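Welcome! Please open your viewer and get ready to pick out a few residues, one stop at a time.

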Amino acid sequence: MKLKFMGLLLSFFILFSASLQAQKTKKPTEKKLTGYYRTYEDYLNKNLVVKDEISGRQHYFAVFKKAGEKEKVKYSEIWGFLYKGELFRIDKHFENRQVATRVIEVGNIVYYENGWAHLQMLENNTNEGEYSAGYMAYISNDLNSEMTPLPVTRGDAKSMYKKFMEKNPQHAKLYDCIDKSRTMDVMRQCTEEYNRTDSKGSK
């Protein structure tokens, strides 16, 4: 499957362009660092295991490199990682395996997209990436709560999304927006707008 950043509204596309200006989004960035966080507490305390680059990867692990030495890191053993300053979090319930997701928006809701596709975009400096594992997009209440896939392509995401809605009625405004058209462009715009509002739904 392909994940694209083409055809978005200009104001929204700026958030995802190669420049990724931190002042225009709530998405966490850490300059241009690369490395991994073993736990969420390490992320909060900025205890990053710093590396020079990611020299190889598969869907369930990455090979980090520093000073010529390589380290294979399984996603099951870490909370998340940075690549070129962009934050990735591990989805630990995809078919009993672990895949990376890229953190896009943090606010009233946390919004993620498929990590494999976004790693391709960052590696190749493009606006399009492909993936064959994981879901296209996810949401969660915060950066350490369970991630729920959004119902874009995979049928099994619909039941998980429904359960999330039932458990979290406080996000009704977001659900109403998403359900108008469950496409990627709409979901991106809905989460961005939702994160601009306060808890009472006013901007």
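Where does lysine 84 lie? Select lysine 84 and you will land in the loop between β7 (80-83) and β8 (86-94); helices (H or I, at least four residues) and strands (E, at least two) are DSSP runs, numbered from the N terminus.

Before moving on, a word on the model: it is predicted, so local features need pLDDT of at least 70 and side-chain atom pairs count only at pLDDT 80 or more, while totals for chains, interfaces and linings use all residues. Residues are numbered from 1 along each chain as its sequence is written, and side-chain values use heavy atoms, with hydrogens and water left out.

Stay on lysine 84: its phi is near 55°, a positive value in a residue other than glycine. Most residues other than glycine have a negative phi. With 33% relative accessibility, lysine 84 is partly exposed. Buried means under 20% relative accessible area, exposed over 50%, and partly exposed in between (1.4 Å probe, protein chains only).

Next, select asparagine 125, in the loop between α3 (115-124) and β11 (128-130). Asparagine 125 is not a glycine, yet it has a positive phi of about 55°. Its relative accessibility is 59%, so it counts as exposed.

For the last stop, show cysteine 177 and cysteine 190, which form a disulfide (a pair of cysteine sulfur atoms within 2.5 Å) with their sulfur atoms 2.0 Å apart. The pair links distant parts of the chain, 13 residues apart: cysteine 177 sits in helix α5 (residues 172-178) and cysteine 190 in helix α6 (residues 184-194). The link is left-handed, with -80° about the S-S bond. Cysteine 190 counts as buried, at 3% relative accessibility. A search of the whole structure finds one disulfide.
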